[in-house]
Structure formats: structure tokens, C-alpha cells
Amino acid sequence: MKHYTRALKTLRLLLAAGLEGTGAPGAADAGSHDHLVNDAVASAVAAGRLERAVELFEYGRAALLAHAPGPDPLMTRLDRTDPGLSQRFRQISRRIANEDAGRPEGAAPPAPGRVELAAEWKDTMARVRRLPGFRKLLSPPEFRHLAACFATGPIVMVNVSRFRSDALILADGAVTAVALPNLDQELPEMLAAFRSALEVSHNPLAEGLPGEGRLRSTLRWLWHRVTGPVLTELERRGALSSGDDPPRMWWIPTGPLGLLPLHAAQDDPGEWRTASGDAPSDSALDRVCSSYAVTIQALAAAHKSSPATGPARALVVSPGASDTEEGHAAEREALNVVSRFDGWARTLTGEGASEARVVSALRDASLMHLAGHGAMESGESRFGTLLLADGPLSIDAVCRARSDDARLAVVSGCETAFNGPDGHQMTRSRRQALSLPMALHHGGFHHAVGTLWNVGDRTQADFAALFHERLLTTGPRAFGNTAYAVRDVQCLLRARYRHVPSVWACYVHVGP
């Protein structure tokens, strides 16, 4: 296991050297090393060192996602703390990357240059680590800090490796592991079937019903392979809080498992718990209120940031043409959202929903609602876009333009790598699957809501109306009840369309 630990430390350094250098010579490709993190965690679990497994999971995932859409939080903080030192850090990082670029594989760099560069790097790192809050820069986190930084509910890290797969449950300051046998072997086939079912579900109803059946089969598979065993262990440990509302919990899936709806897993769709029933339900929606997280530390930071609770300044974007069926549905969705905010809303519709206007308006918005579509791609840095009137706007640009009071982002129609031209390859890949809501939350939005796959425009409009109704009438304007609002609407849609999971299982919440 020590070799994996050393490899992850080297990977973190290489990725730091390639920060913001996408496509540049020597820039590290995070995606090509995803499997290394998962295998390192698996080796720690096999050795019985569960706390070390959590440390490696967090350390490796944070390193890989430093290349995700949006500004890197670490470098943004360093920019604000000491701009000159931050520039120096970047310069030396790029020199390290360029030292490696163009050198024959296996060849060592000239000794004098290597020694000089190492000395400069060591000196710069020492200066950075003397700054407040940077003492542990590029060092693996300690378990005791991870266990103490978030105590609101259990966090479940699902590690999928070619060697073994496990769910690491962090709750009440301790970690336990639930073995998930055969998950890695079965996952590619299930992903391919799931993607095929989604394609069919968008065809006319006569053709769509078989696709919905395959989607229900996927939810059953998720229940038996992942979600069910995890909830059983959580209940055995007494880690789920009791009360009138379902207890909160957070999922951090790895690899392409992140494309599947763990939060909606269920066994028999005809046996859901009724309001008066006491028997346990074999449905995740009935037993817990699930959210997703990017990393443990990112979740803890969002939880502690406490956004403002004053009136929300909403930006509602509807780029669709009003003379199309899609445009009519988006317009209805936008008008419904605006009506909930008592005049604290700005709308950009049709051709007015341009890149320049959206970026400008984001600087003053605490809520962004896109009554349209966004997409995630399966490229090296997994960049995503919002589709506006004059073309795509990158998630990176959205997150850089957001206000400091960015409480909530809602994108009612999202596409993942499933929907793109690389969808078939993604089902066989070990790369981390980053959903659009995860990318927005990682980029600074306190809460993010969206879908794992695209759904019909009418369904999007219905969800938006129900979601904002619950959000703004049952909780404070800080949106602390966002996760429950998403779950409540999912349960309502499921009751209406119990045999059509494509319209209700797709919605996810990311954040505290």
C-alpha cells in the first residue's frame, strides 16, 4: 500500500504542476489516472486500514477534480491571500511540467537543473505553507480532521476498483466498509443497458415502455448491489437520525457509477411504504433524503459558509425560441419561477439570453435557474456547458462570474456523457463521472439541482413549478431545505408515474 500512497503524492504534485494548463505541453491529464486513486483505496481496504482508505479517497479525488470545471478553490484562495506568491507557484509548477515534456520516456533530467528546480520548489512550498490556512498544502488530509469536519449526516464513498469495490461509510467519527462484490465486473453491462433504455424512453410511448422496464431493472440492480446494503449497514449502526423527516445522507460515487441514480434505487416498485405503514421500504426515496457531494472537505466548507438569508435575487434564463413547443414549455417554466420571487427576479429570454448578458447578470444573482439545457462532456477535463441563445457558455465561465452570494443553481434539463457521442465509450471507462450539478457546486454554488439525463420539456416545467413552490414556502431563503424539496417532488412524480422512472429518478441535489 505504501507504493500506492507514494504514487498518489506524485500524482498530486504532477496535477499541481499542470494547474490551468489544459492542453499545454506537460500538463497532466487527470482523467487518465482515475483508476490509480480507486486502486489505492482498494488496497487500503484490503489491508484493513479503513481510515487510511478514507484519507486516500479524499486526497486522490480532490487532486483529480482540481481539473474539473470552475476555478480551483485552492488556487483561488492563494490568489487572494498572496498574488505574488501564487504567481511564483504557478511559474515553478509550469517549469516542472515543461521539464517532463519532450523528455524520452524513462530518461532522467540533467542533474544540475533537477537539483535547482527541486530547491526552488521546496522554498516556494515552504513560503506558501507559512500562510494562514495553507500549512497542509498538497499533503494528504488526516482522518481525524475529515471525520470531524462534517457531522450533519453519514457520507458514503462508493469506491469502484478492478481489485475490489466497497462503500466506505463515514458517520459519527468512525468509518466502516461494506463490501460490494462484482460491482466493477457488472457495472459496464448495466451502464450500457441503462443508456440504451434512456434512448428508447424518448421515443413514442409504445416504444418507450420496454425502455422504462429496463430502467426499473437498473434501479433494482442498484438496490441489491449498492444502496440496499449501505442502508442496511447505516441502520445497523444507528447512523440514521430519527424524526418526522427522512434522515439526510450524502453519496460520493466514483468512476462511471456517478452516472446512475443511487438515490432512486428500489426493489419492488409496487411495495412502497404508505403514510401509515411501519414496515421498512425497499426504496431509497422512502428511507432517506439523499444528496451528493464532490469531496468531504468541499461539503464541509459549503456547510460552514452559511449564505445570506435575505431576499434571493433570482436570475431566470430561458433561451428557447417562443414559437416552438420546447420554447413554450421553457417560457411557462420561467414565468412560474419568476412569480415565486416577489419581484426579486431578472429574466433573460429568447435572443436576450446571450452569453454576455448571462455572465453580467450572474454577478448580482443569488439564484440561477436555467429553463433550458446544459450538457456535460466526457473530455479530459470533463467541461460542461449551458446552452444559450448564441451558443454554449462553459461551466467554468459561469462559476467565475457567479456572485459571492451564489446560493442555488437549478438547471432543469441536463445531459451527461450518456447523451453525447462518447456515451458508449463512457460506459466502459473508469473515469470519474461528474454531473452538471456537481460541477456547478464544485465551482462555488452552495446548492445545485439538476438531472442525470435529459427529460422532456413539459416534465422540466412541472418539476420546476413544484420544486420552487416547496422551496420557498417551507423554508428560509437560505435554501437549507433544498434537498427535501427535491425529494418531495420526486416522490410526487413517482406517485403519478410509478412505472416511468425516466421522468422522476433523474433529479439530484448536490450540496449541504
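Which residue with a positive phi follows α2? In this predicted model, in which residues are numbered from 1 along each chain as its sequence is written, that residue is Gly48, with a phi near 80°. Because the model is predicted, local features need pLDDT of at least 70 and side-chain atom pairs count only at pLDDT 80 or more, whereas totals for chains, interfaces and linings use all residues; side-chain values use heavy atoms, with hydrogens and water left out.

The secondary structure of the protein comes to 18 helices and 13 strands, where helices (H or I, at least four residues) and strands (E, at least two) are DSSP runs numbered from the N terminus. Of the 512 residues in the protein, 57% are buried, a class defined by a relative accessible area under 20%, with exposed meaning over 50% and partly exposed in between (1.4 Å probe, protein chains only).

Helix α2 comprises 13 residues, 34–46, and reaches 19 Å from its first C-alpha to its last, close to the 18 Å expected at 1.5 Å a residue, the expected span being 1.5 Å times one less than the number of residues. The helix is largely enclosed by the rest of the structure, because 11 of its 13 residues are buried. Among these buried residues are Asp34, Asn38 and Asp39, together with Leu36, Val37 and Val45.

Ala177 is placed in strand β3 (residues 174–179) and, at 33% relative accessibility, counts as partly exposed. The C-alpha atom of Ala177 is separated by 9.7 Å from that of Val158, 19 residues apart along the chain.

Strand β2 (residues 165–171) includes Ser165, which counts as buried at 6% relative accessibility. A polar atom of the Ser165 side chain lies 3.4 Å from the backbone nitrogen of Ser161; a polar contact is a pair of N or O atoms within 3.5 Å, of which, within protein, one must be able to donate a hydrogen and the other to accept it, and residues adjacent in sequence count only if both atoms are side-chain atoms. Leaving aside neighbours within four places in sequence, Ser165 is in contact with Asn159, Val160, Val178, Ala179, Leu180, Leu183 and Asp184.

Asp172, with phi near 55°, is placed in the loop between β2 and β3 and is exposed, with a relative accessible area of 68%. Asn182, with phi near 70°, is placed in the loop between β3 and α8 (183–201) and is partly exposed, at a relative accessible area of 44%.

A search of the whole structure finds 5 aromatic pairs, rings of Phe, Tyr and Trp (its six-membered ring) being paired if their centres lie within 6.5 Å, with planes under 30 degrees apart counted as stacked, over 60 as edge-to-face and the rest as tilted. The rings of Phe194 and Trp453 have their centres 5.3 Å apart and their planes at 75°, so this pair is edge-to-face. Since Phe194 lies in helix α8 and Trp453 in the loop between β12 (447–451) and α17 (457–473), the pair ties together parts that are 259 residues apart in sequence. Phe194 is buried at 1% relative accessibility, and Trp453 is buried with a relative accessible area of 2%. Phe463 and Phe467, in contrast, form a stacked pair, at 5.7 Å centre to centre and with 10° between the planes. Both residues lie in helix α17, 4 residues apart, about one turn of the helix, and both are buried. Ring pairs link Phe463 and Phe467 with Tyr507 into a cluster.

Elsewhere, strands β9 (residues 384–388) and β10 (residues 391–394) run antiparallel and are joined by 4 bridges, pairing of two strands requiring that DSSP find at least two bridges between them. Thr385 has Ser394 of β10 as its bridge partner, and a hairpin of 2 residues joins β9 to β10.

Terms used:
Contact = heavy atoms within 4.5 Å.
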